Amino acid sequence: MAPPHPSAPPGTYVYNLGFLFERVAATHGSRRALRSRDGSAVSYAELAAESARCARWLLSQGIARGSVVAILADKSPRIYAWMLGCLRIGAAYTILDPGSPGARAEKMLTTAQPSLLLHDRTSEGLAVAQR
């Protein structure tokens, strides 16, 4: 059985966190969802739009339900959009902390076997390396 769409009536059990976020964003779109370290804010509507864009891009890269995506990045609104994008399409994700020892990241990558590694180590934003 497919999870209910975000526009399903209140009280409908939503067991896909990505869909649940869409419901919250549709109800509270103008409210602040995230605040960056620099003090800038991102609304639920902005985060929902960015996560939808990320989900479409992930699908275009062959990532689908059951795929695993690794994200190597510091916390930022963009990274939350990527996490939500994964959840929207049913993909799992693992977060790799750039400050962790390399051996830890290597073990996590070996265990998770991601299809895609996203990282923010370029001056132009989020870069992609496919395995």
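**Close-up views of a predicted protein chain**

**View 1. Contacts and surface of the protein chain.** In the protein chain, 52% of the contacts with a separation of 6 or more are made by residues 24 or more positions apart. The model is predicted. The chain has 131 residues, of which 39% count as buried.

**View 2. Order of helices and strands.** Four helices and six strands make up the secondary structure of the protein chain. Read from the N terminus, the elements follow the order α-β-β-α-β-α-β-α-β-β.

**View 3. Strands 3 and 6 and the confidence of the prediction.** The protein chain has a mean pLDDT of 83, with 80% of its residues at 70 or more. Confidence is highest in strand 3 (residues 68–72), where the mean is 95, and lowest in strand 6 (residues 125–130), where the mean is 46. The pLDDT is below 50 over residues 123–131.

**View 4. Cys 54 and Cys 86.** Zero disulfides are found in a search of the whole structure. For Cys 54, which is in no disulfide, the nearest cysteine sulfur belongs to Cys 86 and lies 8.5 Å away. A disulfide requires the two sulfur atoms to be within 2.5 Å. Cys 54 counts as buried, its relative accessibility being 0%. Cys 86 is likewise in no disulfide, and its nearest cysteine sulfur is that of Cys 54. Cys 86 is buried, with a relative accessible area of 0%.

How values were computed: Residues are numbered from 1 along each chain as its sequence is written. This is a predicted model: local features need pLDDT of at least 70, side-chain atom pairs count only at pLDDT 80 or more; totals for chains, interfaces and linings use all residues. Side-chain values use heavy atoms; hydrogens and water are left out. Helices (H or I, at least four residues) and strands (E, at least two) are DSSP runs, numbered from the N terminus. Buried means under 20% relative accessible area, exposed over 50%, partly exposed in between (1.4 Å probe, protein chains only). Contact means heavy atoms within 4.5 Å. pLDDT is the predictor's confidence in each residue, from 0 to 100.
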